[in-house]
Amino acid sequence: MIVTITMNPSIDISYPLERFQLDTVNRVNDVRKTAGGKGLNVTRVLKQLKHDVIASGLLGGYIGEGMKADLDKADIAHQFTAISGNTRNCIAILHEGKQTEILENGPTIQPAELQRFLAQLDALIQVTDVVTISGSLPQGVPADFYVEVIKRCNSVDKPVVLDCSGEALRQVLTSSHKPYLIKPNREELSDLLGTSLEDLASIKEALANDLFAGIEWVVVSLGAQGAIAKHENNFYRVTIPKIEIVNPVGSGDATVAGFAAAIVEGKEATALLKMGNTLGMLNAQEAITGSVNLTNYQQLFDRIEVTTF
Ligand code: ATP
């Protein structure tokens, strides 16, 4: 069983328009609305892998109710903590080959709501094997909140896969409560360390930083260039084949799903890296975020090379 945590979910709305006209009415035919947020992408991929998964986090208002209905329709188990605010909408206007986004900040979370979430989490982690944490924290949640979540998971020996950035990540890295695996992309790692990471050698050097001491796995995903990872004292280069892509958004989330599944399945290092990267690639080959065509799984998996360096 895997529990996914999405503290700041959204309904993701896409409006495809031939031309986006300012200061007048734009009419849209082909509207797509999905329950979004990075953790929900992780959840969907795990569901397709036929892993037992429960989505958790915070949901509220009529939009939260709509999201629950969406998850029920997809037969995805969920145990979200109810909040008094209304869950946010995130709008992407797709026009003239461009993407204009309008992202709501979302509700402000009350301290009592966070306490209720933690109490629910304490019950959930009794029955789970792995916990994934994805994405940003909503307003009202302290920046070190994920430290508390990891502390609770570690106290019952449940490994945590963490995919977040900025201050929330920094707070975890500077605390004594360590996640099992983190998956920054190049830009997130670069922002964290305040250095530009142009080549593989500079990424390897960055991974040796004391900030990552005590974390079992640090995987830096590099989009079409695969990944670089540090596990115990080994450094791995993951080289992936060149593929035709359709939409790479959410590939990092699919990769996280692959890592979580590999941990539950007790895979060794090379297999874990290949599994995560295969799912990232499969996501990039689909139009819908968090969707993977598993018939191509083995063929891609076999074409990935993992070497130590
Ligand atoms: P997101 O935030 O959209 O979820 P990310 O920036 O966290 O993505 P990426 O590094 O873009 O994550 O992608 C994760 C993995 O997915 C890569 O390591 C790679 O295996 C695969 N992938 C992503 N983009 C491509 C691509 N264009 N071609 C091939 N594989 C890709």
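Thr239 stands opposite Glu305 in β14. That pair belongs to the contact between β13 and β14 (residues 305-308), two strands that run antiparallel and are joined by 4 bridges. The model is predicted.

**The sheet**

β13 also has a partner on another side of the order. Strand β12 (residues 227-231) runs antiparallel to strand β13 (residues 234-239), with 5 bridges joining them. Here His231 faces Asn234 of β13. The hairpin of β12 and β13 leaves 2 residues between the strands.

The open sheet is built from 10 strands, in the order β5-β4-β1-β8-β9-β10-β11-β12-β13-β14. Its pairing is mixed. β5 (77-83) and β14 are the edge strands, and each of them pairs on one side only. In general, the strands of a sheet pair through backbone hydrogen bonds, either parallel or antiparallel.

What is the sense of the pairing between β9 and β10? Strand β9 (residues 160-163) and strand β10 (residues 181-182) run parallel, joined by 2 bridges. Val161 has Leu181 of β10 as its bridge partner.

**A further hairpin**

Strand β6 (residues 88-95) pairs with strand β7 (residues 98-103). The sense is antiparallel, over 6 bridges. His95 sits opposite Lys98 in β7. This hairpin has 2 residues between its strands. Glu96, in the hairpin of β6 and β7, takes a positive phi near 45°.

| Strand pair | Sense | Bridges |
|---|---|---|
| β6 and β7 | antiparallel | 6 bridges |
| β9 and β10 | parallel | 2 bridges |
| β12 and β13 | antiparallel | 5 bridges |
| β13 and β14 | antiparallel | 4 bridges |

**The ligand site**

Which residues come nearest to the ligand? They are Asn185, Ser221, Gly223, Gly226 and Asn277, out of 21 residues around the ligand. By class, this shell holds 8 nonpolar, 10 polar and 3 charged residues.

Helices contribute to the shell as well. α8 (251-264) and α9 (269-284) each supply at least two of its residues. α8 gives the most, with 4 residues.

For Asn185, an N or O atom of the side chain is 2.9 Å from a ligand oxygen. For Lys183, the separation between a side-chain N or O atom and an oxygen of the ligand is 3.0 Å. For Lys38, a polar side-chain atom lies 3.3 Å from a ligand oxygen. Taken alone, the ligand exposes 630 Å², and the protein buries 85% of that area.

**The whole chain**

The protein chain contains 10 helices and 14 strands. Its C-alpha atoms fill a box of roughly 55 × 45 × 40 Å along the principal axes. Why does the radius of gyration agree with that of a compact globule? A compact globule of 309 residues would have a radius of gyration near 19 Å, and the chain has 19 Å, so the two agree.

An unreviewed UniProt entry places the feature "domain: Carbohydrate kinase PfkB" at residues 7-291. Over residues 7-291, the chain is 37% helix and 24% strand. The end C-alpha atoms of that stretch are 21 Å apart.

Terms used: Residues numbered from 1 in each chain as written. Predicted model: local features only at pLDDT ≥ 70, side-chain atom pairs only at ≥ 80, totals over all residues. Heavy atoms only, no water. Near = heavy atom within 4 Å. Polar contact = N/O pair within 3.5 Å; in protein donor to acceptor, adjacent residues only side chain to side chain. Areas by Shrake-Rupley, 256 points an atom, 1.4 Å probe, with all protein chains shown as cover. Nonpolar A, V, L, I, M, F, W, Y, C, P; charged D, E, K, R; others polar. Pairing = 2+ DSSP bridges. UniProt positions renumbered as here; feature names shortened; annotations may be inferred. Rg over C-alpha atoms; globule rule 2.2 N^0.38 Å.
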